[in-house]
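Okay, thanks everyone, I'll keep this short. Let me put the structure up and then we'll walk through it.

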Amino acid sequence: MIEFRNVTKVYTAGNRALEGVSLHIDDGEFVFLVGPSGSGKSTIIKLLTAELEPTSGSIQVNGYRLETIKKRQIPYMRRTVGVIFQDFRLIENKTVFENVAYGMRIVGASAKEIQARVPYVLDLVGLENRGRRLPHELSGGEQQRVAIARALVNNPAMIVADEPTGNLDPQRSYEIMMLLESINALGTTVMVVTHEQELVNRFTKRVIAISEGKVINDGMDGYYINEES
Amino acid sequence: MGYLFKEGIRNMFTHGFMSFAAVCVTVACLVIIGGFSLIIYNVSLFVSDMEQQNRVLVFVDENYDSAEARSVGSQINLVENVREAVYMSREEAVERFVEQQGGGEAYDGIDPSTLRDRFIVTLEDNARMAETVEQLRKIEGVAHIADRPEIADGIITVQQVLNIVSIGIIVVLLVVSLFMISNTIKLAMYDRRDEIAIMKMIGATNRFIRFPYFVEGFLIGLISGAVAFFIEWGLYDLLATRITQTQRLQLLTIVPFEEIFMPMVVTFGAAGLFVGMFGSVMSIRKFLDV
Ligand SMILES: Nc1ncnc2c1ncn2[C@@H]1O[C@H](COP(=O)(O)OP(=O)(O)OP(=O)(O)O)[C@@H](O)[C@H]1O
Ligand SMILES: [Mg+2]
């Protein structure tokens, strides 16, 4: 569950990245977050992973209140949110298996649990034969699948993806979206940031559109373009 | 836990060059600091040796019999700054002399009566030797005093200067080496900043992230300490034999390394570990704030 209430974020440089944003995403939903470059999409992701603090307003993520969260608790909050980025962010000198297993190591999972769970998750993202490879030995689409597997491995309540298909061709992008949709079908909340209009319109999903730091539309009617811009 | 240990060991190899650099810097600093400490240790031993040789000999009037001579001893003990006065009869003095010269017939003819009874007087404070000698001279029955105050003064100055200089050098080197080590490790951390950011992103606690680096620092420190120890040992033995060989008079005696083996093992081990772990912990802090 994500709840933003009247959130404003002003960067130290004085940039008003978000102004009075309120939004609510329920457990189990699939949501696209769209908007032009610089509209504040990544800022929303960073706020809900506690990488940034809001200037004002309140944010609640999976039961954690982020305005008041203790530094010590942030890692535990982050374990409830699997994050995926455009640039994959894999550890280059670890194998695919180890990259995925890493998410379990940090929660102190046993070797036995890891041996059981990692192959299952790799299978889920269609990489059952790639466990021994290093990230640079995979295609972009495959690397993003590894990142998705890592995000999934601890069975988080929610997956948040910031431009997950920004580095992929349309076919690979579509496959990644399909994968995220099937993950959502298994019960995980999914929020995908993108500005690829065509891709969004191939799915019938809730779309939240922001522009210049404000929510300008929220509904099931496809990618929303602000007529004035 | 086992995983984190393995991870620390692995890190050391995957970032082999940085680890190697860290080990080299640490070894160099430890060897230099160790070298200085060893020089200082030897000199201070030498100095205290000299000090002992620099005892004052108080000769008793040859007309005193041995009972009378002993009573002079109690007077000497009354003098301030006298630590102890050991009586030696003229017969003993002859024996000691012959012994020191390695015995032999050449000395058979020495007649004890040509010598005086004497007291070997050790002082509390060598700096006040001249003043004390004056007081000793006033005691009735004291015929002559053999002192070498110019040597005493020299020794004290040498030792004081040495202490100040050596403490200064060791402190400076320690600061320099900690600085260099923490910078080396900081570079290694910088190399891994993306990795650390990823760990933070997927919810790793700071303790979890820090542990492998701690293990790594521990290992680097341990290896550095061991390498530095053996280098130091080799250099020391080499120098010790050179010094002993070149000087005919054997004025300088070098403590054999074997005698200080254990303290050196402990010191190098502790210094290596301290520097390695402290260096890691110090440098990783700033990368954890993501
Ligand atoms: N660290 C920062 N310091 C100052 N200003 C920032 C910082 N990060 C982002 N901004 C500003 O905040 C605004 C929103 O940025 P944000 O990254 O959220 O946009 P975005 O919607 O993700 O854009 P894109 O689609 O290009 O990724 C922009 O005007 C940007 O210049
Ligand atoms: Mg962005």
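This is a predicted model: local features need pLDDT of at least 70, side-chain atom pairs count only at pLDDT 80 or more; totals for chains, interfaces and linings use all residues.

In chain B, four strands make an open sheet, ordered S2-S3-S1-S4, with antiparallel pairing. Which strands stand at the edges? Those are S2 (82–88) and S4 (142–146) of chain B; each has a single partner strand, so one side of each goes without a neighbour in the sheet. On average, neighbouring strands here are turned by 25° against each other, if you ignore direction.

Next, the helices on that sheet. Helix H3 of chain B, residues 66–78, lies across S1, S2, S3 and S4 of chain B, and runs at about 170° to S2(B). Helix H5 of chain B, residues 129–138, also lies across S1, S2, S3 and S4 of chain B, at about 165° to S4(B).

Stepping back to chain B as a whole: we've got nine helices and four strands. Reading from the N terminus, the order is α-α-β-α-β-α-β-α-β-α-α-α-α. Of the 290 residues in chain B, 40% are buried. And if you take the contacts in chain B between residues at least 6 apart in sequence, 83% of them join residues at least 24 apart. The accessible surface of the chain is about 16300 Å², and carbon and sulfur atoms account for 63% of that.

B:Lys200 sits in helix H7 of chain B, residues 193–201. Buried or exposed? B:Lys200 has a relative accessible area of 9%, so it counts as buried. Its side chain makes a polar contact with the side chain of B:Asn206, at 2.7 Å. For a sense of scale, B:Lys200 and B:Glu134 are 66 residues apart in sequence, and 77 Å apart in space, C-alpha to C-alpha.

The other one is A:Arg105, over in helix H3 of chain A, residues 96–105. At 17% relative accessible area, A:Arg105 is buried, since the cut-off for that is under 20%. What is A:Arg105 in contact with, leaving aside its neighbours within four places in sequence? The list is A:Glu98, A:Ile114, B:Tyr3 and B:Phe208.

Terms used. Residues are numbered from 1 along each chain as its sequence is written. Chains are lettered from A and ligands numbered from 1 in the order in which they are written. Side-chain values use heavy atoms; hydrogens and water are left out. Two strands pair if DSSP finds at least two bridges between them. Helices (H or I, at least four residues) and strands (E, at least two) are DSSP runs, numbered from the N terminus. Axes are lines fitted to C-alpha atoms, for helices over the stretch in contact, and angles run from 0 to 180 degrees between N-to-C directions. Contact means heavy atoms within 4.5 Å. Buried means under 20% relative accessible area, exposed over 50%, partly exposed in between (1.4 Å probe, protein chains only). Accessible areas come from the Shrake-Rupley method with a 1.4 Å probe; for residues, only the protein chains shown count as cover. A polar contact is a pair of N or O atoms within 3.5 Å; within protein, one must be able to donate a hydrogen and the other to accept it, and residues adjacent in sequence count only if both atoms are side-chain atoms.
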